[in-house]
Amino acid sequence: LAGGPSWLRLHHAAVVNLEESEMSDRIREDAGDSRSIYMDFLPVNPRDPSVLLKLLSGGRVEGTVRQRWLHALPRGAVLTEPVRDVAADLTLESVMQVADNFPSKKLSLSGNNCCDFVSYLEEEICVGDECDAP
């Protein structure tokens with residue numbers, strides 16, 4: 001759980017890497033030397049103890065899609081899924097729009113959570129045989 005205690009290390013995120021040619025000038029300027037964007041779904045206030053308590057007791061909290069340029073994997077992160085291909089005509093702007101269109105902004109540990117966000121994103125942008133792999 002992002003922002004949660006160290007004993008509760010459970011968080012999924014998507015990393016999308018696109019060629020520089022698939023980036024607009026505005027996005028290229030924001031990205032600097034990064035060509036990868038890290039996207040995840042987490043509580044609006046992940047470090048608030050009341051948010052953690054509500055989630056652990058089965059409640060729902062306000063969630064947000066976070067997008068940030070990735071220069072290296074976050075500390076302690078482990079890649080657990082294979083790299084998958086995306087549609088040839090996909091732009092970084094369209095990937096970011098798909099992420100922003102995640103259907104629900106209410107987060108819970110038992111349902112609409114970071115794992116569901118990554119699955120949604122993968123279904124929307126992935127192409128080829130790799131998309132069917134578990």
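These legends accompany close-up views of a predicted model of one protein chain.

View 1. Let's begin with the overall layout: the protein chain has 4 helices and 4 strands. Read from the N terminus, the elements follow the order β-α-β-α-β-α-β-α. Of the 134 residues in the protein chain, 35% count as buried.

**View 2. Helix 4 spans residues 114-125.** Helix 4 has 12 residues. From its first C-alpha to its last, helix 4 reaches 17 Å, close to the 16 Å expected at 1.5 Å a residue.

**View 3. One face of helix 4 is lined with buried residues.** Which residues of helix 4 are buried? They are Cys114, Phe117, Val118, Tyr120, Leu121 and Ile125. Seen down the axis of helix 4, these buried residues fall within an arc of 160 degrees, so they line one face of the helix. An α-helix has 3.6 residues a turn, so residues three or four places apart point the same way. What covers the buried residues of helix 4 includes strand 1 (14-17), strand 2 (36-43) and strand 3 (61-70), along with helix 3 (92-100).

**View 4. Helix 3 also has a buried face.** Helix 3 is among the elements that cover the buried residues of helix 4. The buried residues of helix 3 itself are Leu92, Val95, Met96, Val98 and Ala99. Down the axis of helix 3, its buried residues lie within an arc of 155 degrees, so they line one face of this helix.

**View 5. Cys114 and Cys115 are not joined by a disulfide.** If you are wondering about disulfides, the count for this model is 0. Cys114 is in no disulfide, and the nearest cysteine sulfur, that of Cys115, is 4.4 Å away. As for accessibility, Cys114 counts as buried because its relative accessibility is 9%, under the 20% cut-off. Cys115 counts as partly exposed, with a relative accessibility of 29%.

Note on methods. Residues are numbered from 1 along each chain as its sequence is written. This is a predicted model: local features need pLDDT of at least 70, side-chain atom pairs count only at pLDDT 80 or more; totals for chains, interfaces and linings use all residues. Side-chain values use heavy atoms; hydrogens and water are left out. A disulfide is a pair of cysteine sulfur atoms within 2.5 Å. Buried means under 20% relative accessible area, exposed over 50%, partly exposed in between (1.4 Å probe, protein chains only). Helices (H or I, at least four residues) and strands (E, at least two) are DSSP runs, numbered from the N terminus. The expected span of a helix is 1.5 Å times one less than its number of residues. The arc is that of the directions from the helix axis to the C-beta atoms. Contact means heavy atoms within 4.5 Å.
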